[in-house]
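Subject: the model, plus my notes

Hi,

Here is the structure I promised to send over.

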Amino acid sequence: MFSAIRRTSSLIRLVLLTTLLAGCIPYSDFPLTAPETARDDPAIIGDWYAEENGERSIFRVSKGEQTGTILVTSEKTDGQDPGELSRLRGHLSIIDGRRYMNILSDDPDEEIPGYMFVRYSVDDSRLGIAINDPDRLFEFVETGRLEGEVIRHEWSRSLHITASIEKLRRFVSEHDAEIFMETRYLERLTDKTPPPEKRQPVR
């Protein structure tokens, strides 16, 4: 599991990093809404990026073959060589006017056995994403307010959510503010976006 997470990059790292540090990776047997009910969101389609210490993470969101589905490829670059890629797929959901991605890994080497949920928003030239708070989900499962099981590993634990689509939708509708963490923003990548600054060599 840890080797798979180390190989992932960009958006999937953003989805998993906080949960890994907390020792709990939430995944669900079911999405928030059925794929056949998904609707396209043209605003999310395009290239988005975040930059830190001269390293740029680029997320390319494209429309999938079916209505409301998306494909996400990502890479890291320091302005010279492209970094490792990750591939994700999924579909979009709207609950009470809020928008969500139901994300699956599209890479057989990544050991993520179910859906991960990301709340998103698009505001002008920014894409906001918020990931699940694993501690809150763990608490909801432990207290029986969300159907699921905690799987304990030698050095970590996984949270396996088993609630049905209908129960998940109702749960998210009631507890959205509690189970999603602070929104982080990505900028839209355009022809006018300057290249990332080169990192200074370590002396």
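First, a definition for what follows: a residue is buried if its relative accessible area is under 20%, exposed if that area is over 50%, and partly exposed in between (1.4 Å probe, protein chains only). Keep in mind that this is a predicted model, where local features need pLDDT of at least 70, side-chain atom pairs count only at pLDDT 80 or more, and totals for chains, interfaces and linings use all residues. Residues are numbered from 1 along each chain as its sequence is written, and side-chain values use heavy atoms, with hydrogens and water left out.

The overall picture

The chain has four helices and 11 strands; these are DSSP runs numbered from the N terminus, with helices being H or I of at least four residues and strands E of at least two. It has 203 residues, and 48% of them count as buried. Its accessible surface is about 11,100 Å², with 48% of that belonging to carbon and sulfur atoms (Shrake-Rupley method, 1.4 Å probe; for residues, only the protein chains shown count as cover). As for contacts (heavy atoms within 4.5 Å), take those between residues at least 6 apart in sequence: 57% of them join residues at least 24 apart.

The nonpolar cores

In soluble globular proteins, nonpolar side chains tend to be buried together. I call a set of buried Ala, Val, Leu, Ile, Met, Phe, Trp, Tyr and Cys residues a nonpolar core when they are joined through side-chain atoms within 4.5 Å. The largest one here has 19 residues, and Leu146 and Val172 have the most contacts inside it. Strand 6, helix 3, strand 10 (157-161) and helix 4 each give at least two residues to this core, with helix 4 supplying the largest share, four residues. Leaving out residues up to four places away in sequence, Leu146 touches Leu137, Phe140, Val141, Ile161, Ala163, Leu168 and Phe171. Another core lies apart from the largest one and has 17 residues, including Ile44, Leu88, Met101 and Ile103.

Rings

Which kinds of aromatic pair turn up? There are two pairs in the structure. To count, rings of Phe, Tyr and Trp (its six-membered ring) need centres within 6.5 Å; planes under 30 degrees apart are stacked, over 60 edge-to-face, and the rest tilted. Tyr100 and Phe180 make a tilted pair, because their ring centres are 5.6 Å apart and their planes are at 40°. This pair links distant parts of the chain, 80 residues apart: Tyr100 is in strand 6 (residues 98-105) and Phe180 in the loop between helix 4 and strand 11 (184-188). Both Tyr100 and Phe180 are buried.

The other pair, Phe140 and Phe171, is edge-to-face, since the centres are 5.0 Å apart and the planes at 90°. It joins helix 3 (residues 134-142), which holds Phe140, to helix 4, which holds Phe171, across 31 residues of sequence. Phe140 and Phe171 are buried too.

Two charges also sit over rings (NZ of Lys or CZ of Arg within 6 Å of the ring centre and within 35 degrees of the ring normal). Arg56 lies over the face of Tyr49 at 4.5 Å from the ring centre, and Arg126 lies over the face of Tyr185 at 3.8 Å.

Salt bridges

How many salt bridges does a search of the whole structure find? The count is 13, taking a side-chain nitrogen of Lys or Arg within 4 Å of a carboxyl oxygen of Asp or Glu. Arg119 and Asp176 meet at 2.7 Å, N to O. Arg119 is in strand 7 (residues 116-123) and Asp176 in helix 4 (residues 165-179), so the bridge ties together parts 57 residues apart in sequence. Both of these residues are buried.

Arg98 pairs with Asp96, with their closest N and O atoms 3.7 Å apart. Arg98 is partly exposed at 26% relative accessible area, whereas Asp96 is exposed at 54%. Asp96 lies in the loop between strand 5 (86-95) and strand 6, and its phi is near 55°, a positive value in a residue other than glycine.

Arg170 bridges to Glu166, again with closest N and O atoms 3.7 Å apart. They are four residues apart in helix 4, so about one helical turn separates them. Arg170 is partly exposed at 42%, and Glu166 is partly exposed at 41%. Through shared partners, salt bridges join Asp96, Arg98, Arg119 and Asp176 into one network.

Cheers
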